[in-house]
Amino acid sequence: MLDLESLKKELNPQQYAAVTTTEGPILIIAGAGSGKTRVITFRIAHMLDKGIPQSQILALTFTNKAAREMESRVKELTGKKLQNLTVSTFHAFGVRILRQEISALGWRENFTIYDESDKIALIKESGRELKMSPEAMDCYKIAILFSDIKTGRKDWKAETELYKELYEYYQEGLKLYNAVDFDDLIVLPIKIFREFPEILQKYRDRYKYLMIDEFQDTSHQQYEMMHLLADKNVAVVGDDDQSIYSWRGADYQNIINFEKDFEGVKEIRLEQNYRSTETILEAANGVISHNTNRKEKKLWSQKTVGNKPIEIFMPQNETDEADFIAESIQGICAEEKIKYDDFGVLIRSNTQSRPIEEAFLEANIPYTMSGGTSFFERKEIKDIISYLRVIANHDDDINLLRILNTPRRGIGRAALEVLNERAMAQKKSLWDTIKSFQAEGSQGQESGDFSLSSDEPTASPRSAGGLSPKTLGALDEFTSLIEKNSNMLGGKDLSKKVKALVEEINYWDFLILENPKSEKAARFKYLNIESLINSISQWENNEDNAGKTSLYDYLNRITLVSRDDVDDEEGKGKVNLMTIHASKGLEFPVVFIAGAEEGLIPHARAVEEDEKNVEEERRLFYVAITRARDKLYISSCAKRKRMSATVECQPSRFLDEIPSRLVEYHEPQLVVDDKKALDILANMKKMFSVPDNQ
């Protein structure tokens, strides 16, 4: 139990006020390291102690990691299982609504969620249907445009109007294949709430208490979803100084909108920082105070032990910078006996990682890079996942096309064209189209309308509509395989069934054929598949997932795994190399910020687009500074390679915004070539030479 007296001992006065104010709209401005997660979890526990039913509480955040941490902390505090408490990401909550309600919009409940590569594949397919030239289609840019249009970030303009028909084909394709994309997980629930008020009321009646974490990161759609659901008891927690995701739709102005849209908002500011030293906080305050469009706040700390200055190094180039970081980490580890995973090395752009990774490899420093290729984006993993998606949803054309001839079954391009043409003409999924060809082949066989000549395969008993017997046989083999594996849909032994499927399709032989010059590469890819199967086994044997281990549950889970989430196990014992964006929400005893130069931070592209973006770049630098607990190193190169040229660099303007009394500068050592060094030495000998006779 969390009685009020024990709460007072556990929390500072502002945290206590935030935890115990449970009725009405409340805006909690939570500065970096101010115990935000602690406040949210204590608040939920206090609400439960007050007798508020767990089923009436909805807490939404942005990453699966944050949701898991929040839920486990509340369970720890209350000692209860809390099976009816909803702690979720926005997108996972959107899936929950759609699983129940999407039939109102004409989809079936077992819809597939398309990731970015599926989305691009459907854009390509839609372009082919419209006879668009593949050379004229930059599918990556088109995918971004479609996302901006769908979420309302952009409207159609003269220069984008030519993609309007393609967008409509793409949308029709999603519905035809019983699929939704990631944006739909927010957009479609809003559509349902607007068009079916009785469905909205059902959710408003259930969730009487809402709590939104990282509120500054909400997009217009996420804000609208919250606004539609919320009655009056809604608490939002955020920090406008940490709003760094405008490029993906986040708008910290939602904090202002909240104060307008909800009457009588109570504002509480959490300014005591429990993470960083006074020096680091003063530096962060000094930088962020240059932003004009913000809520005034000043972080402070009682942490004075080990208050070291911020060290700024000016290496000659990115190679020297990488060596400095690697050598510093080795030195600190040796002197202070701290672990590799206590270090965070933060970069503004992925392009900065290569020299740092090379320096770590050279120095035998183990590291993990977050923000790289997701495990689930690897081809061999996508192949197996595509099989699972088609088993779960036969009408998923994108994934069906991926695996129809993987491993190869002799279903060539001509056969695919025949299938696609009929599917388009009859507005059927590819699965239904294959079934119609099979039925025709069987009817031809039954009527005896065929020749027995083995020299004329097209006149054989199983030819149908332009497909040869060989192709029909391969299609039979494929559909039988999928139907036979429908036993995966039950919630038991999924990992064993996936392993059996991988063996049945002879995926190892396929990898050997695909990698004829390197069995090692094939083995590495197969090990990835074994790792996938092991992860499924761990997931289904986790007691927290009891009763929720069907194939549908698994596919939802892996689709919603956020790329911002860092794998805790993978990072143990390794230096954390990551972009500043990926570091948000994390903290490290020692932090290196690499590349504090004009053009990198603030990023040239952001500033070129709009000078106002400097404020967001400054917020990004503020986030980087406040990841550090005890020690902060910043490096700014004199020169850096851009493309194939070496360019002169200027230190970031943000460095001058750190109060000078907090900083210790280290100028670069002059690099002298060997010939010059010998000349200098010879001159010195002349200067100090003494005649032999004296």
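This short talk goes through the sheet, the nonpolar core, a few single residues and the salt bridges of one structure.

Before the details, please keep in mind that this is a predicted model, in which local features need pLDDT of at least 70 and side-chain atom pairs count only at pLDDT 80 or more, while totals for chains, interfaces and linings use all residues. Residues are numbered from 1 along each chain as its sequence is written, and side-chain values use heavy atoms, with hydrogens and water left out.

Let me start with the sheet. Six strands form an open sheet with parallel pairing, in the order S3-S2-S6-S7-S1-S8; strands here are DSSP E runs of at least two residues and helices are H or I runs of at least four, numbered from the N terminus, and two strands pair if DSSP finds at least two bridges between them. At the edges stand strand S3 (86-89) and strand S8 (266-270), each with a single partner strand, so one side of each has no neighbour in the sheet. From one strand to the next the twist averages 15°, with axes taken as lines fitted to C-alpha atoms, for helices over the stretch in contact, and angles running from 0 to 180 degrees between N-to-C directions. Strand S2 (residues 57-61) pairs with strand S6 (residues 209-212) in the parallel sense over four bridges, and Leu58 stands opposite Leu210 in S6. Helix H5 (residues 90-101) lies across S2, S3 and S6, and runs at about 110° to S3.

Now to the core. The largest nonpolar core has 46 residues, and those with the most contacts inside it are Leu388, Val498 and Tyr554; such a core is a set of buried Ala, Val, Leu, Ile, Met, Phe, Trp, Tyr and Cys residues joined through side-chain atoms within 4.5 Å, where buried means under 20% relative accessible area, exposed over 50% and partly exposed in between, with a 1.4 Å probe and protein chains only. Helix H16 (residues 379-392) gives the most to this core, with eight residues. Leaving aside neighbours within four places in sequence, Leu388 is in contact (heavy atoms within 4.5 Å) with Met488, Val498, Leu501, Leu551, Tyr554 and Leu555.

Arg661 forms one with Glu282, the closest N and O atoms being 2.4 Å apart. Arg661 lies in the loop between strand S16 (645-648) and strand S17 (663-666) and Glu282 in helix H13, so the pair ties together parts that are 379 residues apart in sequence. At 61% relative accessibility Arg661 counts as exposed, whereas Glu282, at 32%, counts as partly exposed.

Glu311 forms a salt bridge with Lys631, with 3.1 Å between the closest N and O atoms. This pair links distant parts of the chain, Glu311 being in strand S9 (residues 310-313) and Lys631 in strand S14 (residues 628-635), 320 residues apart, and both Glu311 and Lys631 are buried.

Finally, Lys36, Asp213, Glu214, Asp217 and Lys584 are linked in a network of salt bridges.

Key:
A salt bridge is a side-chain nitrogen of Lys or Arg within 4 Å of a carboxyl oxygen of Asp or Glu.
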